[in-house]
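Dear colleague,

I am handing over the structure below, and my notes on what was found in it follow. Please read them alongside the coordinates.

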Amino acid sequence: MSLGLLFLTVLALAALAYAIGRRRAMATVGGDLRKLHSLPTFYGWITALWVLVPVFFVAILWLFGEGFVIHNSALTHIDPADVPADSSVNLMMADVTRLAEGLSVLAAKGSDVAALEQDIDGLKIALGEAGVAMGNDPTPSMIAAAEAVRGTAAWSRIGLTVVSLALALAGFVWGYRRISPEFRARNATERVSLGLLIVASLIAVLTTVGIVFSLLANTVHFFRIYPATTFFFSATWDPKFGGGSTLGILPLVWGTLYVSAISLVVAVPIGLFSAIYLAEYASRRVRGIVKPLIEVLAGIPTIVYGLFALITVGPLLRDWIAMPMGFGNSSSTVMTAGLVMGIMIIPFVSSLSDDIINAVPQSLRDGSLGLGATPSETIRQVVIPAALPGIVGAILLAASRAIGETMIVVLGAGAAAKLSLNPFEAMTTVTVKIVSQLTGDTEFASPETLVAFALGLTLFTFTLALNVVALVIVRKYREQYE
Amino acid sequence: MTDGSMTLAPMATPEPARLRHSLFAPDKRTAARNAQEARFRFYGLVAIVIALLALVWLLFSIFSAGLPAFRQTFVEIPVTLDAAVLDKAGHGDPAEMASVTTIGYGKLIGKALAAEIEAKGIDIGAMTPKDLVGMISENAAADLRDRVLADPKLLGTTVQFTALANGRIDGYFKGRVTMESAARDNNTSPEKLMLADKLVAAGVMDMRFNPGFLVMPDASDKRPEAAGLGVAIIGSLYMMAVVLCLALPIGVAASVYLEEFAPKNRWTDLIEVNIANLAAVPSIVYGILGLSFFINFAGLPQSAPIVGGLVLTLMTLPRIIIPTRAALKAVPPSIRDAALGVGASKLQTVTHHVLPLAMPGVLTGTIIGLAQALGETAPLLLIGMVAFVRDFPGAPLSGLFDPASALPVQIYNWTQRGDPGFVERASGAIIVLLVFLIIMNTAAIILRRRYERRW
């Protein structure tokens with residue numbers, strides 16, 4: 001049974017359980033509602049929940065475990081000696097998966113798969129006609145592994161169907177038998193619902209655990225096959241496929257900080273001055289129009305900024321500034337990325353600062369104005385010092401945005417890892433290298449791939465620290481005036 | 001602004017300068033302070049103008065580069081579908097006719113174009129028939145083949161065939177290709193461009209709205225004219241459906257628990273801090289999570305909308321939970337007290353009263369969260385959505401596991417291609433993306449304006 005059909009079947013069973021549970025509850029008291037502990041709908045609900053909830057959790061676990069089991073069952077068929085020298089077991093497994101899909105396609109078309117498996121040349125032609133591209137030619141051990149994949153997958157689907165339907169029925173029978181006038185159906189329903197609510201709120205925690213675990217596990221793996229000192233202290237980034245790479249993070253960190261610094265130099269004055277103007281000078285009408293317009297900048301996807309950097313800002317800076325002044329002739333530069341990213345984070349600075357400036361009590365302003373200060377003197381000497389912690393928090397949040405930003409630097413900053421002071425040179429950042437090391441067919445045993453996880457962990461730690469500091473500052477400041 | 005120290009000054013030594021000074025004319029210091037005030041105000045105005053100009057510049061640059069993608073140069077010629085070439089066996093059986101490759105169809109189109117040019121009396125100079133075929137997109141032959149295989153009765157008839165012009169010819173009419181650049185280009189020549197001008201004058205070639213840009217799949221590196229967003233739009237829709245079906249219920253459930261049921265203790269504090277931090281984690285980190293957990297560990301297929309949807313769900317969850325909690329908080333406690341007072345249970349209070357009242361705020365937050373997810377690119381790059389996908393994914397639910405592309409990733413993909421025609425495509429795709437975002441955000445604003453209640 002296909003997944004969709006199974007899902008619909010279980011849903012239909014649950015709906016049926018609801019109707020039957022309700023009717024049964026009414027029947028037990030002969031239609032006299034007053035004798036039931038709870039409203040009849042609750043008897044329906046609890047029966048339906050008994051059908052749905054166990055199946056739901058078992059099916060999710062099953063689906064996540066399935067891939068793992070299939071992979072291992074196929075792995076037992078692959079002879080390590082069969083793996084070509086320039087390839088790896090993982091790449092071979094990708095081929096096995098493709099082969100298994102191809103065989104299923106052929107089987108669906110009515111070809112005689114068993115006969116084809118004996119005839120490797122015929123199989124290759126048939127696969128080609130079916131539109132299945134293989135990295136390497138199939139070998140007997142790969143065919144055996146592919147068959148294992150198909151077999152396990154088919155059995156797993158059957159198993160899932162049987163187990164789900166059996167669980168659903170068992171849940172239904174169990175729920176049905178518990179229905180009696182004394183049964184506290186409402187309390188039971190609410191306990192289960194509360195449990196589900198708690199599970200939902202735990203997903204956020206699980207996500208964090210998942211992120212930390214997947215980063216840490218692979219980073220540990222990376223440091224086992226690559227020296228940590230080189231990673232942290234080497235000034236060269238030179239990945240080579242085939243081993244012998246130097247993977248020093250310093251040029252990437254330098255590029256990241258350089259781009260972020262330029263973006264802050266652009267965004268902080270513009271953002272701060274617009275926030276001051278909007279909060280202190282602008283009329284209600286101007287504010288009502290301008291503030292949402294500036295916030296549009298934050299709603300535009302980063303890929304749009306990336307393309308803007310690539311086709312407009314980059315060539316413009318190159319033709320008008322870098323080339324005439326002899327700084328360089330690349331259109332992907334730190335300056336390009338920094339400038340565009342600066343535009344992107346203007347609203348992060350301005351919106352938060354605006355809120356914070358607005359939260360400064362009016363009495364402070366009145367006091368200052370009453371002593372004869374001009375509005376600008378009041379702002380500079382009273383309002384801004386009072387709002388400073390919050391503004392620093394806003395800038396830190398914007399900085400963490402800039403450090404974690406990917407698409408603008410991928411399209412605007414270039415790919416050459418360099419330690420240089422010239423802002424009109426192409427440099428690269430941590431995020432760019434994560435993308436370039438992890439896209440395409442990757443193989444999870446080489447340091448060139450695993451280094452991406454170490455980079456990711458560095459990035460995660462860095463932005464997390466910035467965020468926590470920013471949040472603490474903002475929170476502390478807010479408590480002052482409330 | 002008068003100087004307060006004046007009244008305190010001893011009267012015995014009057015300063016002539018001060019005496020001559022009237023209260024109604026500002027003194028030097030006041031003038032300086034007022035000038036400074038005006039300057040400060042002006043800085044603020046300049047900052048706002050710069051920010052707004054940046055927005056206008058960004059949109060203008062994208063729109064001017066992208067609008068031409070919606071129009072395309074077409075060639076309209078009658079093509080005689082010669083049965084002797086296309087169906088040698090003469091049975092009219094599509095399976096047998098499939099053995100004729102696109103090359104055979106390409107020759108037919110070339111012949112038809114040559115005949116049409118001759119009929120219009122246009123001089124082609126020293127151009128060879130091969131040059132003539134080069135004026136038309138390589139995709140045209142495949143289009144014609146699909147059309148014939150779908151309807152074998154067309155054999156032997158003459159059909160009016162609308163073919164895409166080659167990308168360089170199209171670029172010439174859009175100003176991307178000039179006579180000078182064509183002379184240096186291996187794929188076209190100034191003669192072809194001049195012929196194209198004559199064809200336009202003769203009405204064989206024209207530029208019109210190109211619906212294919214929205215419905216066709218991606219095309220290979222040499223055929224920017226045939227590349228479309230069909231697969232990417234479907235892939236994005238599938239992912240948004242996954243995000244909506246997962247993130248909305250989970251997000252609402254989590255917010256209801258945290259806002260209405262959770263006791264105030266360390267454990268719930270931890271969850272709250274967690275959610276605040278998750279909202280600020282760089283999106284690419286979610287991509288790493290998706291790659292190592294959903295693909296490597298759970299064995300889900302690469303490039304599949306289901307994986308993209310799951311990753312985006314995890315990313316969108318905190319962005320839905322935060323506004324949902326705010327909406328729940330905004331419902332006044334008196335409503336809860338009233339419901340509890342007439343005997344409703346806590347869960348009944350929430351599901352019958354609090355949640356319906358908070359729904360506009362919840363939906364607004366959800367739509368804005370979805371809009372952010374729709375434009376997200378970086379995590380999708382890591383889970384293999386950059387792959388070149390030409391086949392449309394199947395119908396849901398199994399279609400969720402087929403390879404597909406997504407709008408923002410398709411844009412990135414096109415920026416990495418060699419042919420300059422793809423820059424125009426990428427900008428055009430951004431316009432499509434922005435239109436979707438505008439629709440979603442407008443819906444959110446309308447929802448908020450119309451249904452949000454202030455208590």
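**Chain A: fold and extent**

In chain A, 75% of the contacts with a separation of 6 or more are between residues 24 or more positions apart, where two residues are in contact if their C-beta atoms, placed from the backbone, lie within 7 Å. This is a predicted model, in which local features need pLDDT of at least 70 and side-chain atom pairs count only at pLDDT 80 or more, while totals for chains, interfaces and linings use all residues. Residues are numbered from 1 along each chain as its sequence is written, and chains are lettered from A and ligands numbered from 1 in the order in which they are written.

The secondary structure of chain A consists of 17 helices and two strands (DSSP runs numbered from the N terminus, with helices being H or I of at least four residues and strands E of at least two). Chain A is more spread out than a compact globule, because its radius of gyration is 31 Å, well over the 23 Å that the globule rule gives for 482 residues (taken over C-alpha atoms, the rule being 2.2 Å times the number of residues to the power 0.38). Along the principal axes, the C-alpha atoms of chain A fill a box of roughly 85 × 75 × 40 Å. Of its 482 residues, 43% count as buried, that is, with 20 or more other C-beta atoms within 10 Å of their own.

**One buried position**

A:Leu466 lies in helix H17 (residues 447-481) of chain A and is buried, because 20 other C-beta atoms are within 10 Å. Leaving aside neighbours within four places in sequence, A:Leu466 is in contact with A:Leu396, A:Ala399 and A:Ser400.

**The contact between the chains**

The contact takes 75 residues from chain A and 73 residues from chain B. On the side of chain A that touches chain B, helix H7 (residues 185-225) of chain A gives the most, with 19 residues. The residues of that side divide into 46 nonpolar, 26 polar and three charged (Ala, Val, Leu, Ile, Met, Phe, Trp, Tyr, Cys and Pro count as nonpolar, Asp, Glu, Lys and Arg as charged, and the others, Gly among them, as polar).

**Confidence**

The predictor gives the complex an ipTM of 0.87 and a pTM of 0.87. For chain B the mean pLDDT (the predictor's confidence in each residue, from 0 to 100) is 85, and 94% of its residues reach 70 or more. Over residues 1-9 of chain B, however, pLDDT stays under 50. Where pLDDT is low, the predicted coordinates should not be read in detail.

With best regards

Methods
A residue is buried if 20 or more other C-beta atoms lie within 10 Å of its own, exposed if 12 or fewer, and partly exposed in between; C-beta atoms are placed from the backbone.
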